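Morning, everyone. Please look at the model on the screen while I talk.

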Amino acid sequence: MEANKKWLAIPENERKQLIANVFCRSCKDEVTIKDFIIVDHPMGVMLEGKCKNCGSKAVRVVEMDE
């Protein structure tokens with residue numbers, strides 16, 4: 001719940017950019033993450049989901065000032 005509050009505190013246009021800028025180890029490229037969940041992370045929040053292109057696991061840590 002706390003992670004979702006942190007995520008929603010980020011302006012929508014920035015959230016969209018973060019979702020579209022995730023590194024996929026299988027594609028070896030910047031991809032869009034899909035079917036993701038938002039979890040707490042010591043640095044801020046973490047998006048855990050799948051690569052939109054190949055379906056492999058994709059993760060993005062979003063650093064935030066507390």
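Ground rules. This is a predicted model, where local features need pLDDT of at least 70, side-chain atom pairs count only at pLDDT 80 or more, and totals for chains, interfaces and linings use all residues. Residues are numbered from 1 along each chain as its sequence is written, and side-chain values use heavy atoms, with hydrogens and water left out.

Start with the sheet. What is the order of the strands in the open sheet? The order is E3-E4-E5, three strands with antiparallel pairing. Strands here are DSSP runs of E with at least two residues, helices are runs of H or I with at least four, and both are numbered from the N terminus. Two strands pair if DSSP finds at least two bridges between them. In general, strands of a sheet pair through backbone hydrogen bonds, either parallel or antiparallel.

Which are the edge strands of this sheet? They are E3, residues 33-41, and E5, and each pairs on one side only. On average, neighbouring strands of this sheet are turned by 20 degrees against each other, direction ignored. The axes behind that angle are lines fitted to C-alpha atoms, for helices over the stretch in contact, and angles run from 0 to 180 degrees between N-to-C directions.

Now E4, residues 44-51. E4 and E5 pair in the antiparallel sense over seven bridges. Gly 44 stands opposite Glu 63 in E5.

Next, salt bridges. A salt bridge is a side-chain nitrogen of Lys or Arg within 4 Å of a carboxyl oxygen of Asp or Glu. How many are there by this rule? The count is two.

One joins the side chains of Asp 40 and Lys 6, at 3.3 Å from N to O. Asp 40 is in strand E3 and Lys 6 in helix H1, so this pair ties together parts 34 residues apart in sequence. Helix H1 covers residues 2-8. Is Lys 6 buried or exposed? Lys 6 counts as buried, at 16% relative accessibility. Asp 40 counts as partly exposed, at 44%. The cut-offs: buried is under 20% relative accessible area, exposed is over 50%, and partly exposed is in between, with a 1.4 Å probe and protein chains only.

The other salt bridge joins Lys 16 and Glu 12, at 3.6 Å from N to O. These two are four residues apart in helix H2, residues 12-19, which means that about one helical turn separates them. Lys 16 is exposed at 53%. Glu 12 is partly exposed at 48%.

Met 43, Val 59 and Val 61 make a nonpolar patch of about 220 Å². Patches take residues with over 30% relative accessible area and no salt bridge; like charges are joined within 9 Å, and nonpolar side chains (Val, Leu, Ile, Met, Phe, Trp, Tyr) within 5 Å. Val 59 sits in strand E5, residues 57-63, and is partly exposed at 36%.

Last, two backbone angles. Most residues other than glycine have a negative phi. Lys 28 has a positive phi, near 55 degrees. Lys 28 is in the loop between strand E1 (22-24) and strand E2 (29-31), and is exposed at 63%. Asp 35 also has a positive phi, near 50 degrees. Asp 35 lies in strand E3 and is exposed at 56%.

That is my tour; over to you.

Technical notes: Accessible areas come from the Shrake-Rupley method with a 1.4 Å probe; for residues, only the protein chains shown count as cover.
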